[in-house]
Amino acid sequence: MTKSFTAAEIAKHDTHEDCWIIVRKKVYDVTRFLDDHPGGGEVIVEQGGADSTNAFEGVGHSEQAKRDLEKYYIGDLAEEESAPPLPMPLLPPPRRRNLLADSPSCWCQSSSVPPPRCFTFCRSNRLPSRKSIEIFFEKYND
C-alpha cells in the first residue's frame with residue numbers, strides 16, 4: 001500500500017537538510033538530489049514543502065529528468081489534502097556559467113583572481129569540483 005502524506009506533513013520538509021516536493025500529486029524526498037541538481041539545489045528548496053508541479057513542468061525538464069524523479073518517490077498527497085500548485089516563479093532560475101567549457105588546463109588562468117587564492121582550487125592543474133567553483137566565484141567575483 002502506498003503511503004499518503006497530508007499537505008501539513010509535507011510543509012515541514014522545506015529546508016536544504018530535509019526537502020520534499022509534490023509533483024502531480026506524488027510526494028518526493030529530493031534531499032539527496034539537491035547538491036546534484038544542474039540548476040542548483042536552492043531552486044528546489046524554494047519549492048520545498050509544497051506543490052511544485054508548475055515549476056517542475058514549466059522549466060521543460062527532459063523525459064530522463066522525469067524518470068529520474070521517480071527514484072525519490074515516497075508516497076502520494078492525501079486525496080482530501082490536494083492543494084493547488086504554487087504558481088510558476090516569475091523569474092527564471094539563475095543562469096549558470098559553464099566554467100569548464102573551452103577552459104585552459106587551469107581554469108583560473110582566464111580569471112582576474114590572483115593565483116594564491118586560486119591555488120587552493122587548482123592544485124596540480126586538476127579541475128576543481130563544480131561546487132568548489134561555485135563557492136569560489138560567489139566569494140571572489142561579482
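Colleague: How many bridges join β3 to strand β4, and which way do they run?
Modeller: 4 bridges join β3 to β4 (residues 26-29), and the two run antiparallel. Strands here are DSSP E runs of at least two residues, helices are H or I runs of at least four, both numbered from the N terminus; two strands pair if DSSP finds at least two bridges between them. This is a predicted model, where local features need pLDDT of at least 70, side-chain atom pairs count only at pLDDT 80 or more, and totals for chains, interfaces and linings use all residues. Residues are numbered from 1 along each chain as its sequence is written, and side-chain values use heavy atoms, leaving out hydrogens and water.

Colleague: What about the turn in that hairpin?
Modeller: There are 2 residues between β3 and β4, and R24 in the turn has a positive phi of about 55°. W20 stands opposite D29 in β4.

Colleague: Which residues make up the largest nonpolar core?
Modeller: It has 12 residues in all, including C19, Y28, L34 and F56. A nonpolar core is a set of buried Ala, Val, Leu, Ile, Met, Phe, Trp, Tyr and Cys residues joined through side-chain atoms within 4.5 Å. Buried means under 20% relative accessible area, exposed over 50%, partly exposed in between (1.4 Å probe, protein chains only).

Colleague: New topic: where is D51 found?
Modeller: D51 is in the loop between α2 and α3 (53-58).

Colleague: And which side chain does the D51 side chain make a polar contact with?
Modeller: That of T53, at 2.6 Å. A polar contact is a pair of N or O atoms within 3.5 Å; within protein, one must be able to donate a hydrogen and the other to accept it, and residues adjacent in sequence count only if both atoms are side-chain atoms.
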